[in-house]
Amino acid sequence: WRIDGRDIYTTLKLPIWELMVGKTHTLALPDMASIQLKIPPSTNPGTIFSINGHGVPDMKTGQQGKVYVEVKGFVPEFNTTQVKAITEFAAKLENIR
């Protein structure tokens with residue numbers, strides 16, 4: 001987590017297929033609250049989501065800043081059999097187009 005003024009920044013590392021197909025994640029915030037972050041299908045690595053009203057509160061106005069979440073994708077390690085199955089499945093998807 002990084003705080004800049006009233007805004008909070010973080011990074012969420014996800015398996016690359018979750019960026020491809022989409023998924024909803026529960027994100028625990030520094031103040032112990034949690035929010036639901038919906039990752040839509042076909043999200044690119046490096047996409048930054050902005051969530052209003054969950055940042056640091058302004059002491060005078062009570063308004064809260066934003067939470068910015070950058071998603072990064074990673075490719076998990078697979079064994080040879082898994083890689084072959086994934087490659088064959090991806091080839092079938094390409095033939096559908």
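This note goes through the predicted model point by point, from the overall outline to the pocket.

1. Basis. The model is predicted: local features need pLDDT of at least 70, side-chain atom pairs count only at pLDDT 80 or more, and totals for chains, interfaces and linings use all residues. Residues are numbered from 1 along each chain as its sequence is written, and side-chain values use heavy atoms, with hydrogens and water left out.

2. Elements. The chain has two helices and six strands, in the order β-β-α-β-β-β-β-α from the N terminus. Helices (H or I, at least four residues) and strands (E, at least two) are DSSP runs, numbered from the N terminus.

3. Overall dimensions. The radius of gyration of the chain is 18 Å, whereas a compact globule of 97 residues would have one near 13 Å. The radius is taken over C-alpha atoms, and the globule rule is 2.2 Å times the number of residues to the power 0.38. Along the principal axes, the C-alpha atoms fill a box of roughly 60 × 30 × 20 Å.

4. Sheet. An open sheet of four strands has the order β1-β2-β6-β5, with mixed pairing; two strands pair if DSSP finds at least two bridges between them. The edges are β1 (2–4) and β5 (48–57), each with a single partner strand, so one side of each has no neighbour in the sheet. On average, neighbouring strands are turned by 30° against each other, direction ignored. Axes for such angles are lines fitted to C-alpha atoms, for helices over the stretch in contact, and angles run from 0 to 180 degrees between N-to-C directions.

5. β1 and β2 (residues 7–15) run antiparallel and are joined by three bridges. R2 has Y9 of β2 as its bridge partner.

6. G22. This residue is in the loop between α1 and β3 (23–28). Its C-alpha atom is 4.0 Å from that of P41, 19 residues apart along the chain. Beyond its neighbours within four places in sequence, G22 is in contact (heavy atoms within 4.5 Å) with W17, I39, P40 and P41.

7. The largest pocket has a volume of about 370 Å³. Of its 13 lining residues, W17, M20, I86, F89 and A90 are the closest to the centre. On a 1 Å grid over the protein atoms alone, a pocket is an open set of points where a 1.4 Å probe fits, with protein on both sides within 12 Å along at least five of seven lines; lining residues have an atom within 4 Å of a point. Grid points are joined across faces, edges and corners, and the volume is the space filled by probe spheres set on the points.

8. Lining. α1 (16–21) and α2 (80–96) each supply at least two lining residues, and the largest share, six residues, comes from α2. The lining of the largest pocket has twelve nonpolar, one polar and no charged residues. Ala, Val, Leu, Ile, Met, Phe, Trp, Tyr, Cys and Pro count as nonpolar, Asp, Glu, Lys and Arg as charged, and the others, Gly among them, as polar.
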